[in-house]
Structures are given as structure tokens and as C-alpha cells.
Number of protein chains: 2
Amino acid sequence: MVPKIELPKGFKASGINSGVRRYRPDFGLILSDMPCAAAGTFTRNSLKAAPVLYCAERLPASDIRAIVVNSGQANAATGLEGIEDNAKLVARTAETLGVTADQVLVASTGVIGVRLPLDILLPALVPAVRGFGDSINNFGLAIMTTDLVPKVITREVKLSGGTVRLSGAAKGSGMIHPNMGTMLGFVLTDLKTDAAWLDRATKSIVDETFNMISVDGETSTNDSVLVLANGASNVAATSEADRAAFHDALRDVMRDLAMAIARDGEGASKLITVNVKGGPTIELAREAARLITTSPLIKSAVHGEDPNWGRILARLGQAGVPTEAFAKLRVQLQSTVVFDEGKPQKFDRAAAREQLHDENVLIAVDLRSGPFEATAWGCDLTKRYVEINTEYS
Amino acid sequence: MVPKIELPKGFKASGINSGVRRYRPDFGLILSDMPCAAAGTFTRNSLKAAPVLYCAERLPASDIRAIVVNSGQANAATGLEGIEDNAKLVARTAETLGVTADQVLVASTGVIGVRLPLDILLPALVPAVRGFGDSINNFGLAIMTTDLVPKVITREVKLSGGTVRLSGAAKGSGMIHPNMGTMLGFVLTDLKTDAAWLDRATKSIVDETFNMISVDGETSTNDSVLVLANGASNVAATSEADRAAFHDALRDVMRDLAMAIARDGEGASKLITVNVKGGPTIELAREAARLITTSPLIKSAVHGEDPNWGRILARLGQAGVPTEAFAKLRVQLQSTVVFDEGKPQKFDRAAAREQLHDENVLIAVDLRSGPFEATAWGCDLTKRYVEINTEYS
């Protein structure tokens, strides 16, 4: 049972079944009582879905009131018609909520190349408004596609002027149904802030959270993270300390949502956390951490609870770790040091296997080549992943 | 039964069991009666095995006489000791064959981080010489690690001055045993040529053959392709037409070996050929073709014989295909056009599935954005891949 996750002040949310899916919620709506500072980050895939093109053009902005989300059709590779469909959904949402069209953001997830079923979605707006409540739970259910568990979270942070709340929801990149799969993240807060600051904070935090997870190395046409701050708490982060505290809270929310996505990857049985420190640049630390999380060989070895450090070294080399670093770097699996100072370490193989039996696996690398550190999250590769994505065999 | 693959004139080869493996050949030796023009290409992984560092420094060269190969230990991540071990193997090989040390090339494949068992390998040199014959078959067997089938090929090409032969052997990047896995390719020819020309031809051909295959997107510490031309035919490619004819033959040999590696990928049941034409640059055509062959979602869909074109579009976007290309590009699965001019095409899904039942699957993309074309080869993703790499589950 997922506990009730309260929204920040001034937000309402709902998630209902529009009829696209048989019975599960598939249509989500968020409304703020007042205009929000809003920021977003989007997929780098050059095939961007219509809602992504729309939101990326609107953001950052200072007057956002609502977000509408449908799950079932991605509205990607749908051409001009897709852009028109997106505009119609925006217009009717604005009309229903009594806001203007440019105050509405959209996210879609589902099958690529299929148009939005507007005949089903537009009539669902009135019931969605009727479903408005003070928690994000139903919205979190409505954005799921093949996720096994909903991903919702809330957190309060005390600033000098008072307490602000952040509540978030996300869906993962599982792809059970053909063409399905998108990462969506939403964070709402009642902090009083401006769009420019929120935009900078969002982009920087997404780089170290949502952009550091991988289920299978595939980027989607629809990946989006949207952050709305409506100021309803009347608390602003005026001091440097307040801004740092809020930044930390926002990062914690995004990191927890990102980790929940990795843990719920298709067929996954283990969450893999890869920490790379001692990097000569932040880019290399990130690339090394990410390449380890996307390695099918390492993912398979973790699934088999096999302390296979050779595959990790080879992947570090693929990431472009400087040759001289291999004479000094350290690799640790859980608490077992398996390679150090350029040499394989003697370790108790049975004990190392036993440690890998945990559903949380840590791969820690110290490159000893600089001050930069990065963490990435992924999951193990299982036969279930292949089953899920084979459709039938 | 693999037919006998004859060597070009002036070459001898053998493959014997040194004792590293229980009974299979694991130690290969090639000797040319006369000095060879020699070229090589090597892994871009920054963790390069000792034999790779050694050969890369030697090549191109005009006086190579021999190649020695061991399978079982990769001699990677073995530090200075690994470099010394490699030098000892080279020295003893040269001594045994009556050539100088700098006339000997080496390739190793096997476990990362384990030193060469010189106490086993050095005594195997005399039996290896005793095993010399006029075919490449035993050598092809000796370089196998987890390959299911040996990969050997020969071809003759008629030039104006007479006929020359090319014979090749390769091993694939299957990784059944922990840390195993390397792609090795060897081509021997009796063409009379110089090292500089051979080097240019080799590098350019490897880029469109061995560098265009993928089993799982992992690059090894030991990947090497070595080409030796000993001139024993006394036929040189003097005219432009001769050079083109030989270049084509060398490309055919390398392509066939590369395709054999992809087809024999771990757990694979299908060879996937991806052709991308109409690219604005050769780099983008290659990147798009390769990203399709490395996509776990597409590989799973092919395994499931599922005509899932949405995943292909998303992967093209990940490769950075220009946004405007999506309004005109065409995607074809076997002979079925599934997407064209920016629109999903109506097709008989059952018939498309039936076509995908073949063990050779073609994915053809026309980006309609330029003159560049590339082909990549891969294999489907099966539960067997996960089983193999999980060691146990």
C-alpha cells in the first residue's frame, strides 16, 4: 500500500481512467491555484514527440497553471497532425480549467506513431476535474505504463521564512507493450521562486539524477521532467543557505524518483548503484558510471551474483579512462575490494557472492585521477527482460 | 564439417592444445617463409592488453614473419609483468622459429587480469612447429574461446600478373566464461605489396567490416585484426584495377569473417543486417546502423519476430538523425515497408511476422538526407545470452 502523498499548498491533482486502457488510470491532471514558475528538461533524442516540442518551447515560464498527461499514445512520429492534436488537447484543457492555453503543459507516453485518441481524451477532462484531490497518488497511477509500482514522494524543507513542501511523481522506462516506454518526472512545490533560478536548478539536478539512470540504454522520444513552483507557501529562498537547502531537497526528491525508476526496470531484480570517484573530469566520471550501468555483461554478472571485476575494468577502458589510471585505480563490489593499485586483490569469492545476493548492489570505483565524482543507477539484466521485450518467442 | 581452407603460398599454420584448456586447441602459430608487409588495427579501449600494445607499436612493418596466439588468458590488466611475459613469449617464439624477435606478432584472448602461463605456453612452441600444415583450419580452432563454430575462409582473386590467395580466420566476442571475449581477425595473403598500402587498405576496410559488428556493445581489451602479405605469389597489384580488385577481395574476406562473428554471437538465433542509406554523413549512417544493431529493444523484437518499427525510429533519433528526416525517411523490415514519408504504412502484420521468421533479418533504412550508406551486423537478444553471462542464476 502506497501511503497518501500530499500535494504542496495550492495544487490539486487527479488521475482517472479515460477509457484508453481497460480499467487502470490513464489520464492525469494537475492544477495550481496560482501561476507557477516552471522549468523542464527533455529528451535529447532528435525524434521529439509533439508534447515535448510544445513544452520545450514554452519553458522556462512564470505563468504555468496546469499539466495534462495521457498514457497510451506517445504522440511521437505523428507529424503535423500530432502537433495539431497536442494543441487541441491543450486548448480544451485550458477551457475546462478556466486558464489560458499557454498556461498548460502536456506530457504523453505510450505507443510511437499513433495519434492521440482525442475523442476519448477530451471528454475525460470534466471527470478529471471532478476527481481533483489533495494528493498526487492518483496522478502517479495515471502516468504508469509498464511500471510495476507507482513512484510518488513528498518532502518538507525548513527555510528561514517557513516550511515548503515538494511532491513528485515519476514513471519509468519499462517497455512491455511494443513501442511503450518513456521516463516522465514531475515535481511540484509551493516555494516562491523565479523561473530562471528554478530552470538552472532543475537542469543541474536532472544531470545528476534522472540523466544518470538507465534500464537498457535506450532514450525515448518523450522523456520529460517538469518542475512547477507556485509560491503558495509564501516562503522564498532568499538567503544562500535557504537556496542550498531547497536545492538539496529538490535533488533528494529527483534522486529518489530516479532510483525508483531504475529499481523498477524491466525484469529487474536488483538496483545497481555505481559510484565513480577520482575522475579527472566530471564528464568522464559520469560516462564511466553510466557505461557500467548499461553494460549487458556487467548487468548479467550482477544478476548471477558473480564478482566479475574484469568486465568492469574493460568497460572503464571503453569509457576512455586514462591508461595510466589502471595502474592505480580501485574497484569495490559491495564492501569487497577486488582490484587495487593495478592489481587483482585476493578475496573470499564465496563471501563476495553472498554480498551480491542483496537486492541493492554497489559498484564503487576510485580512479585516483582527479577530484570528480558521479553516481549512476541501473538494474540487472534478467531473462524476464528478454521475455518482456520479445512479445512472444 | 568445415572444409579444408588452404593457406596462401609461403605460409604455414598450426593450432594445438598446449594444456591450458582440457583438450581443445588453444595455441596457434603462423609462419611465413619470407618477410611480410603487415598491418593491424586494434581496440580503442583505453585498457589495452600487453599484446595489443606490442603489436600496435610494431605495425605497420615490412619484415614480419610470424604470429603466435594463445587462448585462455588475455594478458590484460596485468601491468608491467604482462608486458614482460609478452616479451618472453615473443623471444622464445622467435628463437624456436629461427627469426628475430621483432618479426613476431602476438594476440591473446581470455581472462582479464591473469598472467600468461608461460610454463605451459613456452614448451608448446616445439609441438606447434611440428604441427605446421598448409591449411588455416587448426589455427582457426585454436583461437576460439566461446565461439560455437570456427570462422575460416579463403578466396582467390585474379590480377593482371596472376592469381593471389587470401585466407582468413577470426574469433568472436562471445563471453561464456567470466571475463572472456575478444574479437580477433587474421588475414594472410601471398600478394606482393608494401606495408603502407596494406595499412591504408586494412584500416579503411576494418571500418566498414569488423568495426560494424556488435554482439552486445562491449569493446574488449584485446580486439585485434592483423593482415600479412608475403609476396610469395610474386604477383603485385600494380594497376589501379588490380588494386581495386584486391581491395574488394580483402573486403569480402573481412566482411564474411565479421558476419560470421555476428551470426555466432552469444545465444544468437538470427543474424541482423542493418543497412542505412541516404545519410548526410558517413559517420551518421554508421552510427545509426550500429545503434540499431546494439539496441536491446530492437534485438528482442527481432527475436520475437515482431515488426516493431517504433523502436527503430526512436533509435534513429538517439543516433541524432536530423529531425526533418523523420518526415521523409523509409524503414523496411525484410521486404515489408513499415514506415515511409513520415507516416506508418499499412502492412499485413502476419505476413511481416512470417518474413521475420527467417534466420537472416534485414532492417533497411533510407534517410533520404544525403549520399552516404553504411551496413552493420548484429544478432538477436535471447534468454540464452542472459543465461550464458549470468554464470548461474
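A residue counts as buried here if 20 or more other C-beta atoms lie within 10 Å of its own. Keep that in mind for the close-ups below, which all come from a predicted model.

**View 1. Helix 10 of chain A, a helix under cover.** Helix 10 spans residues 309-318 of chain A, and 10 of its 10 residues are buried. Walk along the helix and you pass Trp309(A), Gly310(A), Arg311(A), Ile312(A) and Leu313(A), then Ala314(A), Arg315(A), Leu316(A), Gly317(A) and Gln318(A), which are its buried residues. Once past the helix, look for Gly320(A), which follows it and has a positive phi, near 90°.

**View 2. What covers helix 10 of chain A.** Part of the cover comes from chain A itself, including helix 8 (282-294) and helix 9 (296-303). Strands 10 (330-333), 11 (336-340) and 13 (360-366) of chain A are also among the covering elements.

**View 3. Strand 13 of chain A, with two faces and two partners.** On the covered face of this strand sit Val361(A), Ile363(A) and Val365(A). The uncovered face has Asn360(A), Leu362(A), Ala364(A) and Asp366(A). One partner is strand 9 (residues 271-279) of chain A, which runs parallel to strand 13 and is joined to it by seven bridges. In strand 13, Ala364(A) has Gln332(A) opposite.

**View 4. Where chain B meets chain A.** Each side brings its share to this contact: 51 residues from chain B and 51 residues from chain A. On the chain B side, helix 9 (296-303), helix 10 (309-318) and helix 12 (383-390) each give at least two residues. Helix 10 of chain B makes the largest contribution to that side, with seven residues. Sorted by class, the chain B side has 20 nonpolar, 24 polar and seven charged residues. Since 98% of the interface residues of chain B are also interface residues in chain A, the copies meet through the same surface.

**View 5. Around the rotation axis.** How does chain B get laid on chain A? A turn of 180° with a shift of 0.0 Å along the axis does it, and the RMSD is 0.0 Å. The two copies are therefore related as by a two-fold rotation axis. Zoom in on Lys383(B): of the residues of chain B, its C-alpha comes closest to the axis, at 2.5 Å.

Key:
Residues are numbered from 1 along each chain as its sequence is written. Chains are lettered from A and ligands numbered from 1 in the order in which they are written. This is a predicted model: local features need pLDDT of at least 70, side-chain atom pairs count only at pLDDT 80 or more; totals for chains, interfaces and linings use all residues. A residue is buried if 20 or more other C-beta atoms lie within 10 Å of its own, exposed if 12 or fewer, and partly exposed in between; C-beta atoms are placed from the backbone. Helices (H or I, at least four residues) and strands (E, at least two) are DSSP runs, numbered from the N terminus. Two residues are in contact if their C-beta atoms, placed from the backbone, lie within 7 Å. Copies are superposed by least squares on the C-alpha atoms of residues with pLDDT of at least 70 in both. Two strands pair if DSSP finds at least two bridges between them. Ala, Val, Leu, Ile, Met, Phe, Trp, Tyr, Cys and Pro count as nonpolar, Asp, Glu, Lys and Arg as charged, and the others, Gly among them, as polar.
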